[in-house]
Amino acid sequence: MVITHAGQNAVAEVAAARRPAVLVPQDRPHEEQRVSAAAIGAGGWPVLVEETFPSDGWAARLERAAALDGRRWASWCDGAAAQRFAAVLAGDPVGAPA
């Protein structure tokens with residue numbers, strides 16, 4: 001399980017690792033982490049979203065997060081991007097954008 005902010009790279013790493021997460025969006029000038037966290041939380045991925053960093057209740061929160069199935073990240077990140085990119089570099093258009 002991972003406890004992290006809701007930045008794009010952090011979420012991508014969690015998805016690639018196939019781990020459930022507790023997301024606590026950081027304040028940003030354009031609210032991008034809050035918007036991302038809301039969308040991810042509503043998308044069925046294995047996350048708990050907290051609006052602010054909680055000061056208590058962690059035992060129950062971590063237990064709920066640990067029960068989430070990290071394999072559900074496969075719909076976000078299928079794990080085959082590197083192979084698709086290598087195919088494109090090798091001149092094989094399989095997986096290349098049209």
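Predicted model: local features only at pLDDT ≥ 70, side-chain atom pairs only at ≥ 80, totals over all residues.
Helix 2 is followed by G44, a residue whose phi is positive, near 85°.

Helix 2 spans residues 32–42, and Q33, A37 and I40 are its buried residues. Viewed down the axis of helix 2, these buried residues fall within an arc of 70°, so they line one face of the helix. An α-helix has 3.6 residues a turn, so residues three or four places apart point the same way. V35 and A42 are exposed on the other side of helix 2.

I40 leads on to the largest nonpolar core, which has nine residues: V11, V14, A15, A21, L23, I40, W45, V47 and W73. At least two residues of this core come from each of helix 1 (8–17) and strand 2 (21–23). Helix 1 gives the largest share, three residues. Leaving aside residues up to four places away in sequence, L23 touches T4, H5, V11, I40, V47, L48, V49 and E50. Another core lies apart from the largest one; it has five residues, and V22, L48, W58 and A65 are among them.

W58 and A65 belong to helix 3, residues 58–66, where W58, R61 and A65 are buried. Seen along the axis of helix 3, the buried residues fall within an arc of 65°, so they too line one face of their helix. A59 and E63 are exposed on the other side of helix 3. The buried residues of helix 3 pack against strand 1 (2–4), strand 2 and strand 3.

The side chain of R61 also has a particular placement relative to W58: its charged end sits over the ring of W58, 4.9 Å from the ring centre. What is the geometry of the pair formed by F53 and W58? The pair is tilted, with 5.2 Å centre to centre and 40° between the planes.

The whole structure holds four aromatic pairs. Another of them joins W73 and W76, edge-to-face, at 5.6 Å centre to centre and 90° between the planes. W73 has 1% relative accessibility and counts as buried, while W76 is partly exposed, with a relative accessible area of 37%. Together with W45, these two residues form one aromatic cluster. W45 and W73 are also members of the largest nonpolar core.

One last stop is the loop between strand 2 and helix 2, where D27 lies. Is D27 buried or exposed? D27 is exposed, with a relative accessible area of 59%. A polar contact of 2.6 Å joins its side chain to that of R34. D27 and E13, which are 14 residues apart in sequence, are 20 Å apart in space, C-alpha to C-alpha.

Notes
Residues numbered from 1 in each chain as written. Heavy atoms only, no water. Core = buried A, V, L, I, M, F, W, Y, C linked by side-chain atoms within 4.5 Å. Buried < 20%, exposed > 50% of the residue type's maximum accessible area, 1.4 Å probe, protein only. Helix = DSSP H or I, 4+ residues; strand = E, 2+ residues; numbered from the N terminus. Contact = heavy atoms within 4.5 Å. Arc of directions from axis to C-beta. Polar contact = N/O pair within 3.5 Å; in protein donor to acceptor, adjacent residues only side chain to side chain. Phe/Tyr/Trp six-rings, centres within 6.5 Å; stacked < 30°, edge-to-face > 60°. Lys NZ or Arg CZ within 6 Å of the ring centre and 35° of its normal.
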